[in-house]
Structure formats: structure tokens, C-alpha cells
Amino acid sequence: MSGLTILAFLAVTAAGVSSSETSDCSYLSLLTHLNLIQTNSSMSIMRPVKNWTTTTLVYLDMVLYGILEVDEMSQTVTTHIQTQMKWRNEFLRWNSSNFCEIKTLTVPRKMLWVPDVAIQEDTSDTGSIQNSPLLTLTNDGLVIANGRQRLTTTCQFNLYLFPFDTQRCRITFSSMNYDAESMKLSTFNSEATLSLVSEQIMITQGEWQLLNMTIIYFSFDIQNVSQSRLIYTVFIMRKPMLYVINLIVPLLYFLILDLASFFIRGEKLSFKVTVLLSISVLLLILQDMLPSTEDKLPLMASFCVSVFTLVGLSILETMLMDFLLGLDDYCGNKAQNAVNSQEVEIQLEGNSHKDPSAAEERGQVSPVMKPSEGELLMLILEEVKVARQETGRQVKDDRKPGRYARLAQIIDSVYFFLYFLTIATYLMYMNVEWLGSYLSNNKE
Ligand SMILES: *[C@@H]1O[C@H](CO)[C@@H](O)[C@H](O)[C@H]1NC(C)=O
């Protein structure tokens, strides 16, 4: 009897299974087979392993869709990422040949256990995460969860070479609750594939260019609890052209203008002050771009400040020049006043001596002697010669620089020479520091 009942039971179950397996090719039969029709809360609660000591291996692939924003001031990067997680659920397998070759099945995300993976550097609000409401199951027990996110991560920038800089930002995935024995993270696709896909798929890059993406995963110990971590390191390079046009080239022009102003005769001071003001506007712009929390001062800032200082020094030198020339004028005027007064006296004396005699001569000569035209011309010539000699002497007196003017000229020449040398050396140094690193980055 017992044998019969067992046989009958087996027959019934066999008939039941076969009826469900050779079914109507609907998902319903598969769901029934997998026991997912009723709300089966245990499936969403427990980690889907039969033996608790089994580690769940979670494959997490991340693809970068875009670099939306890089904020140097708050040291954050906003990216658009797509993630795909895959893991095995030991309870959800089926033989596809029994279910009309159904190989994949989608179920609501809430029905199954999902790894609690989070990004450590994440500072974005939860509203920016868009997880797919469905999970995909495959017939060999693999569960696939897709999600995309507008991700804002903190990233420590090294702005020393700004705007020729390359930044390295890490995106660290780890489980919030499970230790490394329960859950391990790794990637499904290789590092090369993921970075290639990211490079090809990337739509919005803005001023940044994705150079490379590297992936490492390891177990990290915190207070004797080992935790699995998966770190994506994203290398992005700034496209420097806009900054070169907006900041560096104008600064160079201002330097050249300042150098050229040494050749201005006359009023230089207001011109140089204008140049200084223009540079200070550029400094203000720079201040808005770079954070002040930098240990190593960016080269760009020191470049700006150096140019500012150089032009400032050159203004001081111009002031010194003005002062010396003023001093010279003052002393010269004093001397000349003395000389002039003497000359005037002498001339007056001379005039008083000569004039009557000349008048007499003319008075006498003109009516009596009636000189020929040739003699008249000779007289005029002599007068002209004397006049020319006198004027020549006066001009020499005016042009002869005083002590201070000569000192000013020497200082001006020496300063110009040193100034030019300093600027040339400094520009060479900047060139080596900046472009050298930029080109070496480009080669990589
Ligand atoms: C569970 O896994 C551990 C380690 O693999 C093994 O030693 C143990 O026998 C397993 N238990 C059962 C009931 O299969």
C-alpha cells in the first residue's frame, strides 16, 4: 500500500511538473516554477546562497557617460555613470529547454535581494540615482541590476599645473553592511574594455577629456573587519586652450607692453598703472577659479603674481626715474636761472654798450657810406654767424644732462636689462614646467 501511494504521489508530481514544464510558453509557468508568484519575502531578505559560508561574488561594471562639471573650489566632480551589477542567486535556476527556451526573465527589484553597494566619495543627493525598477534573471541563476546616476564625488585636485593639469579621481564601491567573507566585489568586463566603452560612449566632456580608467579591487581591513572594495580611478585631463587664450596670452601681452613702455618718451606712469590694473582684473578672475586651500600654490597663480610684481616694480622704477629727473630739473633750473640772470645782465650791458654805437654806426654809415650790396651781405652773414653760435651754446646748455639725469639714464638702462633678463628666464622656467608636463601627459 505504502509503495503504491508513493508511486501514485510520484506520478502526480511528475504529471504536475511536466504539465508546468511543457507549458504554454508563458512567463507565468516559469514564475510558478521559481516560486515567485506569491510575495516571497525570504527571497528579498536573505543573501541568495544555500550555505551561508558561501561568498556572494558581485560583478560591478561602471561606464562613464559624461563629465558634467568639475568644481575646483569645492573639489568635486560631477559625472554621469551607468552601473551594472551581476551576482548569482542559487535559488533561481531553470532549464530553458523545459520553458520554451526562455532564457531571461524580469522581475521587480523589490522581490529579490540586491547588494547594498554604495560609493564612498558620493556627495550627491539620492534623487540623482535612477535604479532600474526591474531585475533581469538568466536561466543559470545570474541576476542583473542596472542603474544610472548623476554622481557628484569628492576628489582631491592637484592644481599645481593648472591649466595644464591632469586629475585623478577615485570612485570607490563597497558594501555598506557585508564583510569580505560574505560579499566580494570585482568587475565582469576587463579594465581596457570599460575604459574603451567609456571613451566611445562619452557625450558631454566639456573642458575635460577622459584619459584612462583603471580598476583595482582588494579587501580592506577596518577594525578587524575586512571589507571588499572596488576602486575605479578616472584620469581626466583639462583642455587648456581657453585658459591659454583668456589668461596666459593676455598676461604675456601685458608683459610685452610693459617692456615696450621703456621706450616711451614722456609720460609712462599712467600707462604702466593701466597695465597693472588690467593684470589685477585677471588676478580677480583667477581667484574665482582656484581654491585657496591649496598647499602647493598653482603655477598659474605664481605666474600672475610674478607678472603683477614685475609690472609693479617697473612702476616703482618709473617713479624713481621721474623723481630723479624732477630733481635734475630743479637743480638745473636753479643753475640756469642763475646763468640766465647773468646772461641777461651781460646782454643788457652789451646792448647798452653796443646799441648806441651800432645805431650811430648805422646812422652814420647808411647815409654817408652807402655800402654796396656785397658788403651788406657780408654784414648780415656775420650777424647770422654770431646768432647761430649763441643759439648753439644755449641748446648745448639745455641738453647737457645734470648728474641726476645721467644717474636716471644709467638706472633705467640697467633696470631694463635686468628686467628683460628676469622675464626671459621666468618665461623659460614656466615653459619647461608647464608644457613639459603637459606634453608628457599627452604622450601617455
Ligand atoms: C558549508 O560550506 C562549508 C565551507 O565550504 C563546508 O565546510 C560545510 O560542510 C558546508 N555545509 C553544508 C551543510 O553543506
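What follows is a short chat about one predicted model.

Q: Where does T318 sit?
A: T318 is in helix α7, residues 299-368.

Q: Buried or exposed?
A: T318 is buried, because its relative accessible area is 4%, and the cut-off for buried is under 20%.

Q: What does its side chain make a polar contact with?
A: The side chain of K272, at 3.3 Å.

Q: And which residues is T318 in contact with, leaving aside neighbours within four places in sequence?
A: K268, L269 and K272.

Q: Switching to helix α5. How far apart are its end C-alpha atoms?
A: They are 26 Å apart. Helix α5 covers residues 241-260, and its 20 residues should span 28 Å at 1.5 Å a residue, so the two values agree.

Q: Where does α5 bend?
A: At I248, by about 30 degrees. A proline, P250, follows within four residues.

Q: Which residues of α5 are buried?
A: Among them are Y243, V244, L247, I248, P250 and L251. Further along, F254, L255, D258 and L259 are buried too.

Q: Now the open sheet. What's the strand order?
A: β4-β7-β10-β9, four strands with antiparallel pairing. The edge strands are β4 (117-119) and β9 (208-222), each pairing on one side only. From one strand to the next, the twist averages 20 degrees.

Q: Which helix packs on the sheet?
A: Helix α4, residues 191-201. Helix α4 touches β9 and β10, and its direction makes about 140 degrees with that of β9.

Q: How many bridges pair β7 with β10?
A: Nine, in the antiparallel sense. Strand β7 spans residues 166-175 and strand β10 spans residues 225-238.

Q: What's the bridge partner of I171 in β10?
A: Y232.

Technical notes. Residues numbered from 1 in each chain as written. Predicted model: local features only at pLDDT ≥ 70, side-chain atom pairs only at ≥ 80, totals over all residues. Heavy atoms only, no water. Helix = DSSP H or I, 4+ residues; strand = E, 2+ residues; numbered from the N terminus. Buried < 20%, exposed > 50% of the residue type's maximum accessible area, 1.4 Å probe, protein only. Polar contact = N/O pair within 3.5 Å; in protein donor to acceptor, adjacent residues only side chain to side chain. Contact = heavy atoms within 4.5 Å. Expected span 1.5 Å × (residues − 1). Bend = angle between axes of the 7 residues up to and from the residue. Pairing = 2+ DSSP bridges. Axes fitted to C-alpha atoms, helices over the stretch in contact; angles between N-to-C directions.
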